[in-house]
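Reader: Could you take me through this model with care, one question at a time, saying where each answer comes from?

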Amino acid sequence: MEIRFILNQKQVAVDAAPDAVLMNVLRDLGCKSVKCGCETTNCGLCTVWIDGKSRLSCSVLAAGVAGREVTTLEGVEEEAAEFGRFLAEEGAEQCGFCSPGFIMNVLAMVKEFEERDAASGSGVWDIEEIKEYLAGNLCRCTGYMGQLRAIQNYMAERRGAAEGREMKEVQA
Amino acid sequence: MLTISNYVKAKTLEEAYELNQARSSRVMGGMMWMRLSNAKVKTVIDLSGLGLDQIEETDKVFKIGAMCTLRQLEQCERLREEYGDGIREAVRHIVGVQFRNQATVGGSIYGRFGFSDVLTAFLALDTFVELYDGGIIRLSEFVNRKPDRDILVSIIIRKGKRKFRYSSVRRTKTDFPVIACAVVTGIVHGEESWYFTVGARPMKAALTERKWKLGPDESEEAIAAYAKEIAGEFDYGTNMRGSAQYRQHLAEVLLRRSIRSILTEDK
Amino acid sequence: MTREKMSDLSYVNHPVPKVDSESLVTGKAVYTNDLAPSDCLIVKIVRSPYAHALIKEIDTARACAVPGIECVLTYKDCPDKRFTLAGQTYPEPSPYDRLILDQRMRFVGDAAAIVAGVSEEAVRKAMKLVRIKYEVLEPVLDFRKAKDNPVLVHPEDNWRSLCSVGADNKRNLCAHDECGEGDIDAVIASCDYVVDRVYHTKANQQAMMETFRTYTYLDAYGRLNVVSSTQVPFHVRRILANALDIPKHRVRVIKPRIGGGFGAKQTSVSEIYPAIVTWKTGRPAKIIFTREEALTASSPRHEMELHVRVGADKDGRIRGIDLHTLSNTGAFGEHGPTTVGLSGHKSIPLYGKTDAFRFTYDVVYTNVMSAGAYRGYGATQGIFAVESAVNELAEKMGMDPTVLREKNLVREGQVMPAYYNERTDSCALDRCLARAKEMIGWDRKYPFYECGNGKVRGVGVAMAMQGSGISHVDTGSVAIKMNDDGFYSLMVGATDMGTGCDTILAQMAAECLECSMEDIVVHGVDTDISPYDTGSYASSTTYVTGMAVVKTCEKLRGKICSVGAGYLGCQAEDVQFDGVNVTNLKNGESISRKEIGNKVMCFSNEALSASEAFSSPTSPPPFMAGIAEVEIDKETGEVEMVDYAAVVDCGTVVNPALARVQVEGGIAQGIGMALFEDIVYNEKGKNYSNSFMQYKIPSRLDVGRIRVEFESSYEPTGPFGAKSIGEIVINTPSPAIANAVQNAAGVIIRELPITAEKVYMGMMEKKKE
């Protein structure tokens, strides 16, 4: 069956079987960042966004994304590279196999939390909350500490940059 | 491995129901569990176009569409105001955010899985299920029905002043529960009533109720005795995650703590 | 390199980001399955449903008839010459007990047939149509009853053991040995305090995120090209040649980026299947292990039962350690004879004042999945037992377990009789323990403190050691050449499996050659091109291959000087190379590296390249101390990780960021082993732990806080004073957490994992007493 959807801001049409899984369809479309780690929805490696929300592409029927917007790491390469630098500074990408799914969920989390902060005016992120948000992303190399340090440094820089912008506006 | 020959995004509930009358049809929820089966499905029916992904509220009920995700439950402010952190507590351990963005309430309830936190939680509340053909029936009745060809449309919780506690023990934080307990209390027909569910025993959640009048100054011993009585009412089994004996002990501890927590809130 | 110069280092001892980090964090197609051609045949395995059976009949006709099926192979199609899948230096200590496909099935999941076809769908369909009639046999499932059991796992006559490891297939014995020094029985008999206990560690999965996978194709010369996620490309070349019974020169192995290994990929788990398909059909083929296969037909840690006797005098001097290990190698002997050795040789030497020791072991075959190599490689199991026994000894003596250790731990300059009489020339174990105590606040918290909400927190301690490569065996060679504009190509045979060895070896080269990281291009492993390396295992890369880098760069520097001197028209003795220029010290004239690089490509009789190898007669142990703080629910027995303080002496820390992550990752894996991970079989030998739903590795909510520091010694035989880090880091959590539970709840758990239920039952027992 033909399925049309938006992949990384571009309209695509694919011919896929009714039981084709989104993960495989995306890989066939060249999005090799999407990885499979478990087949039982436990590892988070296949995380992509569907309409902006983190989902496990290993258990999404490709047919079901018709008309929706799918984003993989290839579609957010700049943000990925930016956060990735913080990850690499800690050496916390390690084997890198879980990095794409992890980074997708980190970026989704940052977006969600920042939107919430913008609405509520608060800006304090609880570490436990971060850990809980990312608990579905398994990593066997790092022990998770370096990933958390990377997130904290990344957030600090984003806040710094945001505050810097505000300062400039005040000065202007 | 699951195979599917035909995918239909239903345009109406009626269409979905008609399609589902064939034995080889399946309604898809979040595809979390169905995908792991070896089923040969002729037609898979997608309900995602039917607006069943809303949590609606009236003065009398919360109506949770079958296609609502567990994440929606977790983030619903109104449910939180009404029942405290219990609802969130019941789902936040389930694998991860991505999983909960996908797993549906309908799928969780329809599956009647032994490990289901969602079932354990809702069963303790004044909950009904809306079936396309079968109408509205109590969840406690639905739980014991054999799966049939009907379609689960929504979960309806009848409002009423309730106190709700949910707790579970897990081997890892995102694992299936070794045991899961919900305790609900409130005035029903003018009488103080207590509802207890214990799930993951590892059999599916079951409910028991009591017309108990408990005060905030209830002694620890008394509460322990109540918890022991309730925990003793259920049967337990042994699997990889725990023995029957240990599960019963855990149920007792969790029930006692929940009762204590509710009574302390009254103080 | 001397200690004084450490602070002058530009790259070594700096947290340089990994050379491949950018492509990894942007999800580039760099792993095996990303690179496999789309026309590869899909290869899958039909697996045995029985733990022990003989194939009586196998009918492939219907399967072959499925459209798109290229071949269905059975034992009749495979050479009847046994080999091992263990990635070890020839002659391998692991017995030659495998065929690609065998008539005898030895565990639930053993390979019965290979199906290859153009699509996953066709292959799955064909798999169901392979008709096999089995004669079901009684399996040996209890490893305690395996030795001399009438049921033999390997009764075949062409089974053979290449090394004298005490193996005897007619006794289900994969290895046996005894060693010791002094009269252990007399020493133990004369001790004031003796602990005599049995400990049990389970099989554990490495659970790297990328499962086993390989693709194969024939090149223009008709050679078998193998692209595989492996830690041991050179060993895979030999293994495939053995398995297919073809000359080694017909095989080429290439290692792309790897999604983790932890030892799993030191066994050639997946390569033989697409290899035989390609060899038979001439067509490219690939196999991707499902997670289920990776959890049921792979190479997990050896289950071990360890009987320890430890004795001390009344002042707390540990006078003797007696250890007997029973190791379960499962259906095949991969790494069986070697892992067991570490259970004693890397645990007993932690204590430096003993009068005697004895270490004996049996390794047995059973009808469960074959074990293999997993980070720690037997040391993990042995250290759990010996460290737990020492903690029990401390309790028996009424002594703080850290104080007991301070009195006995091995110190720099000591000869370690149980470690092949090697002397430790670099050991900061005493400082590691002292610092770990400070970090956790041991003196305040030991043994436990109440939290006031029905919960209690306890602290527990353990020490560990490992090796740095296999002495007299492991060989790392390195080649480096200078190119135009003076950039260098560094060619290594060591396999970066995500740990960052390409980076740290480049750091060392940059340090030696006084150039920037960007001036060095690292080439991953290709057995046709890369210089020989035994592979990335046994904690060898930093130490062994690192020394080869240092030697190679020194040689190249000499060549650069002599070539530069030639261009400057002076003697090589008169010039100096500072990384940028070669300068004639007599007249100040100089020529840049860039100019040399370009000039040497024209009218030159000198190749500006060098290659050196390194192998060590010793294997200097890294050391560490780990202290766990856990919180226990006194009613449910739930154990929650609160804090973990780890202090490591890996000699000079080559890359502090990468080393830290190694430690944190190893500890998290160790926490998994200690608290959660277990491979559970039913009474028929079926493996229940067959998915990440059932085999639970820790999520980020399960590990608590992990804090790491380094207390460096300086290893005179290592590159820049470095030792290893990769494996030691998994060894302390199990005993330290068990000790913390002991101190908090008074319950001693001697069988892993330490589940809440075991702790609760223990507390109940204690109440009864």
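**Helix packing and chain contact**

Author: In this predicted model, helix H14 (residues 501–513) of chain C packs with helix H15 (residues 541–568) of chain C at an angle of about 30°, and their axes lie 9 Å apart.

Reader: In which hand does H14(C) pass H15(C), left or right?
Author: Two packed helices are described by the angle between their axes and the distance between the axes. For this pair those values are about 30° and 9 Å, and the crossing of H14(C) past H15(C) is right-handed.

Reader: Turning to the contact of chain A with chain C, which helix gives the largest share of the side of chain A?
Author: The contact takes 43 residues from chain C and 42 residues from chain A. On the side of chain A, the elements that give two or more residues are helices H2 (77–89), H3 (99–120), H4 (127–133) and H5 (145–171). The largest share, seven residues, comes from H2(A).

Reader: What average pLDDT does chain C have?
Author: Where pLDDT is low, the predicted coordinates should not be read in detail. In chain C, 99% of the residues score at least 70, and the average pLDDT is 97.

Key:
Residues numbered from 1 in each chain as written. Chains lettered and ligands numbered in written order. Predicted model: local features only at pLDDT ≥ 70, side-chain atom pairs only at ≥ 80, totals over all residues. Contact = placed C-beta atoms within 7 Å. Helix = DSSP H or I, 4+ residues; strand = E, 2+ residues; numbered from the N terminus. Axes fitted to C-alpha atoms, helices over the stretch in contact; angles between N-to-C directions. Left-handed = near helix turned anticlockwise from the far one by under 90°. pLDDT = per-residue confidence, 0-100.
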